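My notes follow in the order I checked them.

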Amino acid sequence: MDLLINDLSLHGQFPDLAAFRDSIRRVMLIREISRRHMRALYCPRGFANGQVTAGERMPAAVKALPLDEQRAVMAWLCQGGPFWDDDRQHDGGDWYECAGEIVTDTAVGEAAHCLLHGIERRLVSLQPSNFVYDPVPVERVFADDNRAHVDVRNYWEPAMVEACLASAPPALVSWTALGELSVLRFEHLNFAANAFEPLRTQPFKQGVAERILVRLEALHRLKQCFDENGSRTEDGHALYQQHFTGDQGWFSDSSDAEKEKFKSELTFPHPDAHGVSLFCTWHGKVNSPQYRIHFSWPVTATSPVYVVYVGPKITKR
């Protein structure tokens, strides 16, 4: 679960710098609570120049703080981050609305998009602001004017974040923890003994680990979506259409060119049959940075699903 600073909750609303000082201190305390629970509080890159009062932007307003607090705030907003823009999941072509206002390209739109795609993201808003309510209702508007509604959880007090994180599942802290949890949780998937080995040379990224879990969860659900006759259920068809088709799907087959160029790299030892190989071109995708989950295909009622590779993208050109 990621927490995102709600950039729309900074809109020049503070009557004076004293009110801003109290508010930004609450945010910094929330940041410390998040770090204590092994979570990150993401901010947008433009937040460091947001409008604080009618006449002051963030750099000038922060000067109302003691020097050590000034440095901590600006180091976070300008240098350290993390910044959700660097791991952005929605783009300018997506259309999100909140209370009749377009919120595409904001943290509200990003959190809503992620929730609709199985990625848990919540908001942290400044107080006072126009966003001191929970949840924040958001709608994704499609080209045919169909709408998908999602409620984004929103916090503005440190105690709210403390309660949320204290009751949340423990944060993943290593690739080893990811592998162990995956094998334990997804009993209908067959993991090769070395499936997670390619991750060990990569720096651990909690956000990537959590998105890998989300993809594995979808694959695990698909494996269970068959009736007594071995036919895919209605839920299975919906899941397939949502995540296994189209340009925005989480899963896809490799292209013909990739299959030819990377045939050796996409061929894996069969986990259960010595001397037998599996050509696993179907994969789950995590982008920014690019990680892949390769598995056997097709997914049927009777054949095992072998997950043979979790690691950096293999078919890089």
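Is tryptophan 297 buried, partly exposed or exposed? I find tryptophan 297 partly exposed, at a relative accessible area of 29%. I note that this is a predicted model.

**Entry 1: aromatic pairs**

I next looked up the partners of tryptophan 297. With tryptophan 282 it forms a stacked pair, 4.0 Å centre to centre and with 15° between the planes. Tryptophan 282 belongs to strand 13 (residues 282-286), while tryptophan 297 sits in the loop between strand 14 and strand 15, so the pair ties together parts 15 residues apart in sequence. Tryptophan 282 has 12% relative accessibility and counts as buried, since the cut-off for buried is under 20%.

I count 12 aromatic pairs in the structure. One of them joins phenylalanine 244 and tryptophan 297, again stacked, at 5.9 Å centre to centre and 25° between the planes. I place phenylalanine 244 in the loop between helix 8 (234-243) and strand 10 (251-252), and tryptophan 297 in the loop between strand 14 (291-295) and strand 15 (306-312); the pair therefore ties together parts 53 residues apart in sequence. Phenylalanine 244 is buried, at 3% relative accessibility.

I then listed the cluster: Tyr240, Phe244, Phe251, Trp282, Phe295 and Trp297 make up one aromatic cluster.

**Entry 2: arginines over rings**

I find arginine 232 over the face of tyrosine 240, 4.5 Å from the ring centre. Arginine 215 lies over the face of tryptophan 250, also with 4.5 Å to the ring centre.

**Entry 3: helix 5**

Which residues of helix 5 are buried? In this helix (residues 158-167) I find Pro158, Val161, Cys164 and Leu165 buried. They lie on the same side of helix 5 because they cover an arc of only 125° around the axis. This buried set packs against strand 1 (2-5), helix 1 (17-36), strand 5 (121-124) and strand 8 (154-155). On the face turned away from the buried side I note the exposed residues Ala159, Ala163, Ala166 and Ser167.

I traced an open sheet of 4 strands in the order 4-3-6-7, with antiparallel pairing. Strand 4 (101-102) and strand 7 (147-152) are the edges; each has a single partner strand, so one side of each has no neighbour in the sheet. Strand 3 (residues 96-98) is joined to strand 4 by 2 bridges, and glutamate 97 stands opposite isoleucine 102 in strand 4. I also find helix 4 (residues 107-116) lying across strand 3, strand 6 (136-141) and strand 7, at about 105° to strand 7.

Terms used. Residues are numbered from 1 along each chain as its sequence is written. This is a predicted model: local features need pLDDT of at least 70, side-chain atom pairs count only at pLDDT 80 or more; totals for chains, interfaces and linings use all residues. Side-chain values use heavy atoms; hydrogens and water are left out. Buried means under 20% relative accessible area, exposed over 50%, partly exposed in between (1.4 Å probe, protein chains only). The arc is that of the directions from the helix axis to the C-beta atoms. Contact means heavy atoms within 4.5 Å. Two strands pair if DSSP finds at least two bridges between them. Axes are lines fitted to C-alpha atoms, for helices over the stretch in contact, and angles run from 0 to 180 degrees between N-to-C directions. Rings of Phe, Tyr and Trp (its six-membered ring) pair if their centres lie within 6.5 Å; planes under 30 degrees apart count as stacked, over 60 as edge-to-face and the rest as tilted. A charge sits over a ring if NZ of Lys or CZ of Arg is within 6 Å of the ring centre and within 35 degrees of the ring normal.
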